[in-house]
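Hi everyone, thanks for coming. I'd like to walk you through one structure today, so let me put it up on the screen.

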Amino acid sequence: MKRILVLGAGGFIGGHLVRRLKAEGAWVRGVDLKHPRYDVCEADEFVIGDLHEQSLCRQILDQRFDEVYQLAADMGGAGYVFTGENDAVIMQNSAGINLNVLECCRRFGAGSIFYSSSACIYPEYNQTDPDHPDCREDTAYPANPDSDYGWEKLFSERLFMAYARNFGLPCHIGRYHNIFGPQGSWNDGREKSPAAICRKVAMAEDGGEIEVWGDGCQTRSFLFVEECLDATLRLTRSDFAGPVNIGSEEMVTINQLVDMVAELAGKRVGKRHVPGPLGVRGRCSHNTLISQQLGWAPSMPLRQGLAQTYSWIETQVRLGRTDG
Ligand code: NAD
């Protein structure tokens with residue numbers, strides 16, 4: 001039986017990953033500051049603790065795991081990472097976790113280590129044209145991410161690559177592009193645009209109006225969480241180290257995203273454009289490298305993933321659940 005460690009197991013992607021690994025028959029240890037908010041965690045062992053503490057890292061990395069997934073990070077949507085208010089905390093917490101985890105991984109080694117980087121590492125200057133953003137993996141340098149969240153991810157990519165080069169740790173780096181789905185943040189200030197829009201539409205009257213940050217012409221692509229897991233597992237179990245994009249190439253404007261959700265909800269919803277934190281003007285995954293190296297491409301249209309996500313968020317709103 002495989003022994004697998006999932007760091008950030010109380011989070012959105014980590015929670016889904018633990019369920020997938022248990023369904024595969026693995027023994028799983030999950031670690032996080034908190035339990036998953038919306039589900040019972042299926043991990044065989046769940047350790048509550050702060051990975052910023054090296055003593056905790058030594059305690060949970062007490063053996064050679066077949067696979068280690070490092071998903072723990074200080075993380076959020078535009079309202080969390082693009083206001084500038086959380087930059088120091090984000091960098092301090094996330095870099096500290098990665099430094100500790102890698103150092104502790106050296107003791108026993110690991111069969112394979114996955115690190116979740118982000119599309120936020122890509123330079124702003126290649127993402128000013130909403131119709132033609134350039135997010136090919138080899139455009140990361142000269143670096144100029146538009147957030148300190150992105151700079152920390154780029155630093156940590158280099159850290160994982162350095163530990164691979166100098167200590168032979170088998171590290172694999174995926175750059176996630178906007179992962180969405182049920183059981184993610186939807187109203188705690190860390191939600192990303194698909195969840196925020198689903199919530200606003202679910203709460204709107206038919207014929208009502210919702211607030212949209214900016215003019216809504218900014219473009220993005222979104223990958224459904226189960227497809228993200230397919231690519232993550234395939235990368236971690238391959239000989240390819242990356243960094244490689246894990247995302248969808250189905251690019252939409254935020255206005256189109258709103259229209260899609262409204263249509264799924266069966267409501268007529270108007271848009272009131274208001275100032276807000278926005279991030280880059282255009283961003284879309286570029287999947288040539290992952291297709292060549294791993295033979296992977298997403299198969300689920302955005303609309304299908306949104307339908308599942310809307311249905312889950314609409315239920316949370318209807319039941320009056322809160323996220324905090
Ligand atoms: P999430 O916020 O739901 O999960 C991250 C988890 O890390 C949280 O449960 C949090 O409690 C935990 N954590 C934070 N600091 C910790 C600490 N000091 N000790 C222990 N646990 C700690 O985020 P997610 O959406 O599941 O993202 C998982 C990973 O993927 C993150 O590294 C994120 O940066 C990366 N990523 C996600 C997306 C996305 O669209 N969701 C996009 C790009 C990259």
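The shell around the ligand splits into 12 nonpolar, 10 polar and 5 charged residues. Please keep in mind that this is a predicted model. In total, 27 residues surround the ligand, and the closest are Ile13, Asp32, Asp50, Tyr149 and Ile179.

The side chain of Asp32 places an N or O atom 2.6 Å from an oxygen atom of the ligand. The side chain of Tyr149 also has an N or O atom 2.6 Å from a ligand oxygen. With Ala73 it is the backbone that takes part: one of its N or O atoms is 3.4 Å from an oxygen atom of the ligand. How much of the ligand does the protein bury? On its own the ligand exposes 810 Å², and 93% of that is buried by the protein.

Which elements give two or more residues to this shell? They are α1 (12–24), α4 (87–108), β5 (113–118) and α5 (148–167). Strand β5 provides the largest share, with 3 residues.

Now to α1 itself. This helix has 13 residues and spans 19 Å from its first C-alpha to its last, close to the 18 Å expected at 1.5 Å a residue. Its buried residues are Phe12, Ile13, Gly14, Gly15, His16, Leu17, Val18 and Leu21. Ile13, you'll recall, is also among the closest residues to the ligand. As a reminder on helices, there are 3.6 residues a turn, so residues three or four places apart point the same way. The cover over the buried part of α1 includes the strands β1 (3–7), β2 (27–32), β4 (67–70), β6 (171–176) and β7 (179–180), along with helix α7 (225–236). After α1 comes Gly25, with a positive phi near 100°.

Tyr141 and Pro142 are joined by a cis peptide bond, with omega at about 0°. Pro142 sits in the loop between β5 and α5. There is also a cis peptide bond from Gly242 to Pro243, again with omega near 0°, and Pro243 belongs to the loop between α7 and β11 (244–246).

What about positive phi in residues that are not glycine? Asn178 has a phi of about 45° and lies in the loop between β6 and β7. Gln183 has a phi of about 70° and is found in the loop between β7 and α6 (193–203). Are these two buried or partly exposed? Asn178, at a relative accessible area of 16%, counts as buried because that is under 20%. Gln183 is at 22%, so it falls in the partly exposed range.

Last stop: helix α10 (residues 302–318), which holds Thr309. Thr309 has a relative accessible area of 1%, so it is buried. Beyond its neighbours within four places in sequence, Thr309 contacts Phe180, Gly181, Pro182, Cys198 and Phe224. Which residues does Gln316 touch, leaving aside neighbours within four places in sequence? Those contacts are Tyr38, Trp186 and Arg321.

That's my tour, and I'm happy to go back to any part of it.

Technical notes. Residues are numbered from 1 along each chain as its sequence is written. This is a predicted model: local features need pLDDT of at least 70, side-chain atom pairs count only at pLDDT 80 or more; totals for chains, interfaces and linings use all residues. Side-chain values use heavy atoms; hydrogens and water are left out. A residue is near a molecule or strand if one of its heavy atoms lies within 4 Å of it. A polar contact is a pair of N or O atoms within 3.5 Å; within protein, one must be able to donate a hydrogen and the other to accept it, and residues adjacent in sequence count only if both atoms are side-chain atoms. Accessible areas come from the Shrake-Rupley method with a 1.4 Å probe; for residues, only the protein chains shown count as cover. Helices (H or I, at least four residues) and strands (E, at least two) are DSSP runs, numbered from the N terminus. Ala, Val, Leu, Ile, Met, Phe, Trp, Tyr, Cys and Pro count as nonpolar, Asp, Glu, Lys and Arg as charged, and the others, Gly among them, as polar. Buried means under 20% relative accessible area, exposed over 50%, partly exposed in between (1.4 Å probe, protein chains only). Contact means heavy atoms within 4.5 Å. The expected span of a helix is 1.5 Å times one less than its number of residues.
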